[in-house]
Amino acid sequence: MNVVYDEIHKLHLDPSGRHPENPRRVEEAFSVLKKSEVWSRIKVHGTFEGEFEKLKLIHSKSYISFIEEECGRGFHYIDSDTYVNEKTFYIASRFISTSYYASIKSLESSEPWLIMPRPPGHHAGRNGCAMGAPTLGFCIFNNSAAAAQAMLDSGLRTLIIDFDAHHGNGTQDIFWNEPRVLHIDLHQEGIYPGTGDVGDIGGIGAEGSKINIPLPAFTGDPEYLWLLDNVIKPLIEVFKPEGVVVSAGFDSHVGDPLTMLHVTEYTYSAIASTIMDLMNSGIVKSFVTILEGGYGEGLNMGLKAYVESILGFRCFKYDLKLKPPRGVVVRELSNVLRDYWGLSISLTD
Ligand SMILES: [Zn+2]
């Protein structure tokens, strides 16, 4: 397995040290991988040179210029959540090119890639703030979109699974009218960025390709694993993705200081195993995971379990009783799956 970790990420920081999106997050997560038994099976790479041409595939020229100019002014906040400094443009551009080329390399070698970028990216839309979100939510350029765009450019039907606790509004904005990208997004309802309703299904010609699953606080493994079996796997069966991007945000982990979901390693492990089964059977030809959020211990524990499952170190067994999520989400979801995919899901476990 290939992992991109590049110490340049440490140059993007709020010098007060008080921002939850700080260099320690990714440094610690990487050192946990380093100390684990999976380490011998990991090839570590630095980032590739940033290319303006790749940035332009994802973001508008005006947004790219805006970020470049803001970074030129040195450290400051460009909105109430998001900071830049004089290095941010350089760093974020390198991670965009790296995410793009990781998809190509994964396709060539049939090996999974994991990118550990900072700043994260899934809230950054084509023109910046996406779908009416109030801020960029710590994000600058959208790495997951770059990985997915490379798969599209290689002619692959592409699945994005985003399990970060926050809705991947930027990614959804970028591929809103693209029916070749099936984007399944599991997130906590009612928190930042306030987008991602079940009824948001994609633009004209792409209806049904955006599957939003907003979940109440305290939703955990029994519901996530139910959704994996009853929603995600049936969609995969019909869509038959050839490329997969996972927007891996471990702030959905129980105990994360920013959110209230109760996911554990079981769910991350199950999702990784599901994609690896598809890769090992030759259905999925390119598989790239992009790190997104995660602001507590869950990042370290969740990422380790996820990587262990990709590499086959973790045999996935659980004895949980699965159950559908509370509220109206499954009923609303069942209408979308019926109307756009011809799928019927049982409303009971
Ligand atoms: Zn998040």
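1. Terms and source. A residue is called buried when its relative accessible area is under 20%, exposed when that area is over 50%, and partly exposed in between (1.4 Å probe, protein chains only). By that rule G121 is buried, with a relative accessible area of 0%. This is a predicted model: local features need pLDDT of at least 70, side-chain atom pairs count only at pLDDT 80 or more, and totals for chains, interfaces and linings use all residues. Residues are numbered from 1 along each chain as its sequence is written, and side-chain values use heavy atoms, with hydrogens and water left out.

2. Overall shape. The protein has 10 helices and 12 strands. Helices (H or I, at least four residues) and strands (E, at least two) are DSSP runs, numbered from the N terminus. The C-alpha atoms fill a box of roughly 55 × 45 × 40 Å, taken along the principal axes. For 349 residues, a compact globule would have a radius of gyration near 20 Å; the protein has 18 Å, which agrees. That radius is taken over C-alpha atoms, and the globule rule is 2.2 Å times the number of residues to the power 0.38.

3. Surface and contacts. Buried residues make up 61% of the 349 residues. The accessible surface comes to about 13,000 Å², and 51% of it belongs to carbon and sulfur atoms. These areas come from the Shrake-Rupley method with a 1.4 Å probe; for residues, only the protein chains shown count as cover. Contact means heavy atoms within 4.5 Å. Among contacts with a separation of 6 or more, 78% are between residues 24 or more positions apart.

4. The cores. Which residues have the most contacts inside the largest nonpolar core? They are M116, I211, I213 and F287, in a core of 65 residues. Helix α7 (residues 221–239) gives the largest share of this core, 10 residues. A second, separate core of 39 residues includes L55, C71, F141 and L156. A nonpolar core is a set of buried Ala, Val, Leu, Ile, Met, Phe, Trp, Tyr and Cys residues joined through side-chain atoms within 4.5 Å. In soluble globular proteins, nonpolar side chains tend to be buried together.

5. Leaving out residues up to four places away in sequence, I213 touches I184, D185, L186, H187, L227, V231, V329 and L333. V246 sits in strand β11 (residues 243–248). V246 is buried, at 0% relative accessibility. Beyond four places in sequence, the contacts of V246 are I161, F163, I275, F287, V288, T289, I290 and Y306.

6. Helix α3. This helix has 12 residues (61–72) and should span 16 Å at 1.5 Å a residue; its end C-alpha atoms are 16 Å apart, which agrees. The expected span is 1.5 Å times one less than the number of residues. Which residues of α3 are buried? They are Y63, I64, I67, E70 and C71. Seen down the axis of α3, these buried residues fall within an arc of 130°, so they line one face of the helix. The arc is that of the directions from the helix axis to the C-beta atoms. An α-helix has 3.6 residues a turn, so residues three or four places apart point the same way.

7. Around α3. On the other side of the helix, K61, S62, E69 and G72 are exposed. The cover over the buried residues of α3 includes α2 (52–58), β3 (76–77), β4 (83–84) and α4 (88–109). Just after α3, G74 takes a positive phi of about 85°.

8. Q149 belongs to helix α5 (residues 143–153). Q149 is buried, with a relative accessible area of 13%. Leaving out residues up to four places away in sequence, Q149 touches L57, I58, Y100 and F175. G121 lies in the loop between β5 (113–115) and β6.

9. Backbone points to check. The peptide bond from R118 to P119 is cis, with omega near -5°. P119 is in the loop between β5 and β6. Another cis bond joins Y192 and P193, with omega about 0°. M131 is not a glycine, yet has a positive phi of about 60°. F138, also not a glycine, has a positive phi of about 80°. M131 is partly exposed, at 32% relative accessible area, whereas F138 is buried, at 13%.
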